[in-house]
Structure formats: structure tokens, C-alpha cells
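The sequence and the model are shown first.

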Amino acid sequence: MTLVVRAPFAASILPLAHVPDPVFASGVVGHGIALEPRSDAQCVTARSPVNGVVTKLKPHAVIVTSTGGFSILVHLGIDTVSLRGKGFAALVDEGDVVTAGDPLIHWDLAPSRAARLPTCVPVIVVNPPDAPVVPSPDARESACAALAPLYAVTAAEQL
């Protein structure tokens, strides 16, 4: 099974290696792509990158698990856990069934920027571990539209 992972919002595209956090940048958490909200954006609504179930929800992060078993993490900013929810509003609950494009979390960027926290957003396959990610042709550009294909991931047994 192959799953296409879509951009949760319009943004600039960054290689995961450029994320200013060694755990994300090294791929320890998983493989994927990072997004940077436009510099003039005041708020971002992160949308589901895949069809699935919300299996984990924090103010600053969400994991959606697809029907094929791939778990995709959308982590809004770096070290944003330190904000203790300030600037984030969950629009779903754990256990909710979502379709690609459904709103998940609304993010007011002002508290993150005021705290000088990086606003890049890793979009990562966290399960299965070490799942190979193939960037879509669109993801080789410098920017993407909301819900543009970012990458495809294929189950190991089909490789």
C-alpha cells in the first residue's frame, strides 16, 4: 500500500535536515518533510495530511493514523510545548475520524514568534519506523499550496 501525504497548510518547503532540532533533523522521529509558514501569516489552520483517525493530540501536535496503518505526525513549531497550549486551539479530539483536508489545529503564530521559537513544522511518518519517503515532484519546489502532495510512503512488505 502506498499513501500520499499532503501539506497541512500553504507554506515554504524545507528538507527535514534543515529543521533546527537535532531529533527531527536527524530522522530519529521518522522521515518526512518540514514546512515553514509564510512570513506574513498570522495564523495557520493545520489540516489533516491523510484520511484516518486522530490517534494522538497535543496542543502543538497531532498524529493521524491512516487506514493502512501509517501514522503521520504534524508538529507545529519547535519547542512549542513550552508555550503550554498558548496560541493553539484543537479543532478535533483523539479518536475522531478525519479526511485529508479536515481542520485539526488552529495556530496563532504570535506567541511562538514572541518567544522566538522556530515556526517550522515537521510532517513525519512516525509509524512504521524507518518507512521510506519519496518526495512528490511538487515538493521539490520552494513552496506548496495547502493539500498539495508532499511525499508518498509505501508499506515495507511491498518494497
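## Strand β5 and its partners

In this predicted model, strand β5 (residues 52–58) is joined to strand β9 (residues 97–98) by 2 bridges, and the two run antiparallel. Within this pairing, V53 stands opposite V97 in β9.

β5 is also joined to strand β6 (residues 61–65), by 5 bridges and again in antiparallel fashion. Here L57 stands opposite V62 in β6. β5 and β6 form a hairpin, with 2 residues between the strands. Strand pairing of this kind runs through backbone hydrogen bonds, and may be either parallel or antiparallel.

## Annotated domain

The UniProt record, an unreviewed entry, places the feature "domain: PTS EIIA type-1" at residues 21–127.

## The three-stranded open sheet

An open sheet of 3 strands is arranged in the order β1-β14-β12, and its pairing is antiparallel. Its edge strands are β1 (2–6) and β12 (133–135), each of which pairs on one side only. From one strand to the next, the twist averages 25°.

Between β12 and strand β14 (residues 149–154) there are 3 bridges, and these strands run antiparallel. P135 stands opposite Y151 in β14.

## Threonine 80

T80 is found in the loop between β7 (71–75) and β8 (88–90). Is T80 buried or exposed? Its relative accessible area is 1%, and because the limit for a buried residue is under 20%, T80 counts as buried.

The side chain of T80 reaches the backbone oxygen of L76, at a distance of 2.7 Å. Which residues does T80 contact, once its neighbours within four places in sequence are left aside? They are H60, H75, F88, S112 and L117. Of the residues in contact with T80, H75 lies within the range given for β7 and F88 within that given for β8. H60, another contact of T80, falls between the ranges of β5 and β6, the two strands that form the hairpin.

Definitions and conventions:
Residues numbered from 1 in each chain as written. Predicted model: local features only at pLDDT ≥ 70, side-chain atom pairs only at ≥ 80, totals over all residues. Heavy atoms only, no water. Pairing = 2+ DSSP bridges. Helix = DSSP H or I, 4+ residues; strand = E, 2+ residues; numbered from the N terminus. UniProt positions renumbered as here; feature names shortened; annotations may be inferred. Axes fitted to C-alpha atoms, helices over the stretch in contact; angles between N-to-C directions. Buried < 20%, exposed > 50% of the residue type's maximum accessible area, 1.4 Å probe, protein only. Polar contact = N/O pair within 3.5 Å; in protein donor to acceptor, adjacent residues only side chain to side chain. Contact = heavy atoms within 4.5 Å.
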